Amino acid sequence: MTVRGVLWLLLFSGAAIGVSGYSVTTSKANVRAEENTDVDLTCSFSGDFGSNILLRWKFKDRKGSQVFVVHDGKPTAPYADRLNVYGGSNLRFSKVTRKDTGVYTCEITSADKTQVGETEVTLTVLVPPSVPFCKVPSSVTTGSTAILSCFDESASPRPTYKWYKNNVLLPDNPSNVAGFKNATYKLNSTSGELKFPAAAKTDTADYYCESLNDAGPAQKCRAMKMEVRDLNTGGIVAGVIVALLLVALLIFAVWFAKKKGYLPAKKESSSKMNQSYQAAPSGGGDDADFTQKSSFVV
């Protein structure tokens, strides 16, 4: 490209910027501060917005919930006692807490509401790791899936996790480390999950997890034993046999009770039902026959 071409490109770029000169920026996009200290979040905007701008700051926490910190240029109620707006659009926190960790968005709108610009500032309130919550199954059947979990909710920035087996550190990628190439576990250092897709007896051991970040010393949970056992087929067979014996014993008891008359016999069906028809008396001859037939005479 010739010198003249470069000059034309620069002139064109400058013209383009001049046409769309609405911009919102920050002097520090990533802010780190210790808990209970003062913190400034900066936000500046170009003069094209004018002096009578509409200012809003939005906050999204680590769980994804979003709220307004500043609305129409004023701190909202939950932040009014520890937050000030200065310099037209900057924020100053007094004594930030771990709950303030998240992403803050500065939004500038022109007075006529025709132009909107925004910039983001990520605030990380430094909180050292705490003792993580660990979950280790005490007994696992050979060949089944075993999942061990580890979680530290308070640490900021988000911690990473390491697992130990009998006080030996388990590498994240066992296939790349000599001595662990035959290991079948899968370790996620971000989520803290240690998974054995098909547990083997060699996986029986004491396990504990460690939470780490750069805000303070690492913390670990107490070691817990996981034992991998073969399926107890003998116990299952014995249980089935016992159940069958109990059923047989119940059947024999019912039969024996009936035989000895301990159970009431079935009642005759209403003495074979009351007969509504009475047989004619014997030896009556014609009179008897007449008596029977006379009941049909009207």
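This is a predicted model: local features need pLDDT of at least 70, side-chain atom pairs count only at pLDDT 80 or more; totals for chains, interfaces and linings use all residues.
Residues are numbered from 1 along each chain as its sequence is written, and side-chain values use heavy atoms, with hydrogens and water left out.

**Overall make-up.** I found 3 helices and 21 strands in the chain; these are DSSP runs numbered from the N terminus, helices being H or I of at least four residues and strands E of at least two. Of the 298 residues, 28% are buried (under 20% relative accessible area; exposed is over 50%, partly exposed in between, with a 1.4 Å probe and protein chains only).

**The cores.** Which residues have the most contacts inside the largest nonpolar core? I noted Val39, Leu41, Trp57, Val69, Phe93, Tyr104 and Ile108, in a core of 24 residues. A nonpolar core here is a set of buried Ala, Val, Leu, Ile, Met, Phe, Trp, Tyr and Cys residues joined through side-chain atoms within 4.5 Å. Strands that each supply at least two of its residues include β2 (30-34), β10 (102-109) and β11 (116-126). Next I looked up Tyr104, which touches Leu41, Trp57, Val69 and Phe93, among others, not counting residues up to four places away in sequence. There is also a second, separate core of 23 residues, and it includes Leu148, Tyr207, Met224 and Met226.

**Around β11.** I checked its pairing (at least two DSSP bridges between two strands). With β2, β11 pairs in the parallel sense over 5 bridges, and Val31 has Leu123 as its bridge partner. With β10, β11 pairs in the antiparallel sense over 8 bridges; here Thr109 is partnered by Val116. β10 and β11 form a hairpin with 6 residues between them, and Lys113 in the turn has a positive phi of about 65°.

**Helix α2.** Is Leu246 buried or exposed? I found Leu246 exposed, with a relative accessible area of 55%, and it lies in helix α2 (residues 233-259).

**A loop lysine.** Lys201 sits in the loop between β18 (193-196) and β19 (205-213). Leaving aside neighbours within four places in sequence, I see Lys201 in contact with Thr142, Val228 and Asp230. The C-alpha atoms of Lys201 and Asp230 are separated by 8.1 Å, though the two are 29 residues apart along the chain.

Key
Contact means heavy atoms within 4.5 Å.
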